[in-house]
Amino acid sequence: MSAELEGRLTAALERAAERDHDFLGEADSLEVAAALGLSVPIRAAVADIEAAAALDLDRFPGDRLVVKVSSPSIAHKSDVGGVTICARQRDSLVDAVRSMSREFECALSVHEFVDHDRALGSELL
């Protein structure tokens, strides 16, 4: 294992331990996947509507974005309405973040939309 990979894995595990978790959250899991050389969606944390409005949308490919809740107490985000897809346009993103902020009192993240095969067995959780 390279020193860089070991450092990134250690940092992710330390962040989980600091939060007294025995699991990695989505952001840390994606960081570990990227450290292992896997392709992961472009993403950004947004603390509030202002941060969403200031986000550089040009860094996200495609014409859609995914907004997700980011909470260790919500394992299956889509089951509780914690995932929404919006157009890759500032007004659409701000509206999605505003709506999600009303429903959830937690951080949010914005991800590139990645189309995937919805057939049984094609999704890794």
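A salt bridge is here a side-chain nitrogen of Lys or Arg within 4 Å of a carboxyl oxygen of Asp or Glu. The model is predicted, and the structure holds nine such salt bridges.

**Helix packing**
- Helix α1, residues 3-18, packs with helix α2, residues 26-35, at an angle of about 170°, and their axes lie 9 Å apart; that makes α1 roughly antiparallel to α2.
- On the α1 side the contact is made by L5, R8, L9, A12, R15 and A16, and on the α2 side by D28, E31, V32, A34 and A35.
- The residues of this contact divide into seven nonpolar and four charged, with no polar ones.

- The side chains of R8 and E4 meet in a salt bridge of 3.5 Å, N to O, and because R8 and E4 are four residues apart in helix α1, they are separated by about one helical turn.
- R8 is partly exposed at a relative accessible area of 26%, whereas E4, at 56%, counts as exposed.

- K68 forms a salt bridge with E26, with the closest N and O atoms 2.7 Å apart; K68 lies in strand β2 (residues 64-70) and E26 in helix α2, so the pair ties together parts that are 42 residues apart in sequence.
- K68 is buried, with a relative accessible area of 18%, while E26 counts as partly exposed at 26%.

**A further pair and a network**
- D63 and R64 form a salt bridge whose closest N and O atoms are 3.9 Å apart.
- Salt bridges that share partners join E4, R8 and E31 into one network.

Key:
Residues are numbered from 1 along each chain as its sequence is written. This is a predicted model: local features need pLDDT of at least 70, side-chain atom pairs count only at pLDDT 80 or more; totals for chains, interfaces and linings use all residues. Side-chain values use heavy atoms; hydrogens and water are left out. Axes are lines fitted to C-alpha atoms, for helices over the stretch in contact, and angles run from 0 to 180 degrees between N-to-C directions. Helices (H or I, at least four residues) and strands (E, at least two) are DSSP runs, numbered from the N terminus. Angles under 35 degrees count as roughly parallel, over 145 as roughly antiparallel, 65 to 115 as roughly perpendicular and the rest as oblique. Contact means heavy atoms within 4.5 Å. Ala, Val, Leu, Ile, Met, Phe, Trp, Tyr, Cys and Pro count as nonpolar, Asp, Glu, Lys and Arg as charged, and the others, Gly among them, as polar. Buried means under 20% relative accessible area, exposed over 50%, partly exposed in between (1.4 Å probe, protein chains only).
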